[in-house]
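I opened this notebook to keep track of what I looked up, one topic at a time. The entries below follow the order in which I went through the structure.

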Amino acid sequence: MTRVADLAELVRAPAALSVPGDVLSGAAAAGVLDRRTPALAGASVLLYWAGMAANDWADRRLDAVERPERPIPSGRIRPATAFGVAAGLTAAGLAVAGAAGGRRATAVAVPLAATIWGYDLLAKNTAAGPAVMAACRGLDVLLGASVGPRRGREALPARRGLVRALPAGRGLVRALPAALTVAAHTWTVTALSRREVSGADRRLPRATLAGTALVAATALGRPDPVPVALAAGYAGRYGAAQARVLADPSPARVRAAVGAGITGLPALQGALTARAGARLLGLAVAAAAPLGRRLARLISPT
C-alpha cells in the first residue's frame, strides 16, 4: 500500500513552498491581487507536484542506476501509480485554475501544464532543458496576472491603488518583467541541477553566479528597503552556495547549490511582490524560505 510519506517524497512536497510566490508576485505586478489569487496559487502547487511526479516517472530507469533510493526504483511506488498521480494532479490544477480565473486563467494554465510535461518527457535531457524549465516558472508568474481586476470587497488588503482597473492583457504585460526575473533564476537552478550527479566544471557556476547577480539587481526596482533587503538576502544565500561550487565543483556542492536555489526562491518572489507595492505580502512570501530549508532536511527538494 502506498504511504503518504512516499507520495510526499515523490512530489517533493516541501519544495512547493517555492511555488505560491510565483502567482502572488505576478498578481501584485499586474495589480490584480484579490480573493481569486490564493486559489490560483493552489492550482500552481498542484501543477508543480504533477511535474515532480511526472519527472520521477520519466526518470524511473535512470534513477534505478543513479538514485535507487527514490520512491519508484526502491519499489515503494509503482510506476503506474506515479503516472496516475501526475495525471490526476494536472487535471486538478487545471480545474482549480479554471474555476478561480475562468477562461483567462485557463489560457495560461494549459500552456503551463503542457510545458511542464514537455520538460519532463522531452526537453529535460536536451540543450533546451533549462530554457523550457525557465518558461514553466515564467508562465507560473503570468498565471497570477491572468485574471481581470475586481474591485470593492473582492480586493485583498494591500497598498492603496494596488488593485487597478486594467484589462487582463495589460496585466500580463505589467507582470512580464517579474516573470522574466523568476525565469532567469530558474535557468540558473536548472543548469546546475543537470550536474548534480557528475559534478560541474567551473565555467557553469561562474555563469550561474553572474546570472544570480543580475536577477537580484533586477528585483530591486526603485529604492525601497523591503525589496532591497529581500533581494540581498536571496543573492547572499544562493550566491554563497554557488561560490562554494566554484571552489569545489563536486556533486555534493552542486546539489547543495540547487537546494539553495529552490529554497531561496521565495526571497526573490517576496522582493518582486514588495517592489510592486505589497510590502507586507512580500515579507510573508519570503518567510517561506527558512521554513523550506528546514523541511528540505526531511525531504530533499532535488
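**The largest cavity.** I began with the lining of the largest cavity, which in this predicted model is made up of 12 residues, with Pro14, Ala15, Leu17, Thr263 and Gly292 lying nearest the centre. I noted that helix H10 (251-275) and helix H12 (288-296) are the elements that give two or more residues to this lining. I then looked up the volume of the largest cavity, which comes to about 60 Å³, and found that the structure holds 1 cavity of 30 Å³ or more.

**The largest pocket.** I turned next to the largest pocket, where about 970 Å³ of space lies; 42 residues line the largest pocket, and Asn55, Tyr119, Lys124, Met133 and Ser193 are the closest to its centre. For the elements behind this lining, I listed helix H3 (37-58), helix H4 (60-66), H5, helix H6 (129-144), helix H7 (168-193) and H10, each of which supplies at least two residues. H3 provides the largest share of the pocket lining, with 7 residues. How do the residues of the lining of the largest pocket divide into nonpolar, polar and charged? I wrote down 16 nonpolar, 11 polar and 15 charged.

**Threonine 115.** I looked up threonine 115 and found it in helix H5 (residues 79-123). Its side chain reaches the backbone oxygen of proline 111 at 2.7 Å. Once I had set aside the neighbours within four places in sequence, threonine 115 was in contact with Val132, Ala135, Cys136 and Leu139.

**Helix H9.** I checked the length of helix H9 (residues 225-247), whose 23 residues should span 33 Å at 1.5 Å a residue, and the end C-alpha atoms, being 32 Å apart, agree with that. At the start of H9, I noted that a side-chain oxygen of aspartate 224 comes to within 3.0 Å of the backbone nitrogen of valine 226. The buried residues of H9 are Val226, Pro227, Leu230, Ala231, Tyr234, Tyr238, Gly239, Ala241, Gln242 and Val245. Beside that list I put a reminder that an α-helix has 3.6 residues a turn, so residues three or four places apart point the same way.

Just after H2, I found glycine 31 with a positive phi of about 75°.

I then looked up arginine 12, placed in the loop between helix H1 (4-10) and H2. Arginine 12 also has a positive phi, of about 50°, although it is not a glycine. At 4% relative accessibility arginine 12 counts as buried, because the cut-off is under 20%.

**Alanine 278.** My last entry concerns alanine 278, which sits in the loop between H10 and helix H11 (279-286). Is alanine 278 buried or exposed? With a relative accessibility of 6%, alanine 278 counts as buried. I also noted that the C-alpha atoms of alanine 278 and leucine 24 are separated by 9.7 Å, although the two residues are 254 residues apart along the chain.

Key:
Residues are numbered from 1 along each chain as its sequence is written. This is a predicted model: local features need pLDDT of at least 70, side-chain atom pairs count only at pLDDT 80 or more; totals for chains, interfaces and linings use all residues. Side-chain values use heavy atoms; hydrogens and water are left out. On a 1 Å grid over the protein atoms alone, a cavity is a set of points where a 1.4 Å probe fits but cannot get out, and a pocket is an open set with protein on both sides within 12 Å along at least five of seven lines; lining residues have an atom within 4 Å of a point. Grid points are joined across faces, edges and corners, and a volume is the space filled by probe spheres set on the points. Helices (H or I, at least four residues) and strands (E, at least two) are DSSP runs, numbered from the N terminus. The expected span of a helix is 1.5 Å times one less than its number of residues. Buried means under 20% relative accessible area, exposed over 50%, partly exposed in between (1.4 Å probe, protein chains only). A polar contact is a pair of N or O atoms within 3.5 Å; within protein, one must be able to donate a hydrogen and the other to accept it, and residues adjacent in sequence count only if both atoms are side-chain atoms. Contact means heavy atoms within 4.5 Å. Ala, Val, Leu, Ile, Met, Phe, Trp, Tyr, Cys and Pro count as nonpolar, Asp, Glu, Lys and Arg as charged, and the others, Gly among them, as polar.
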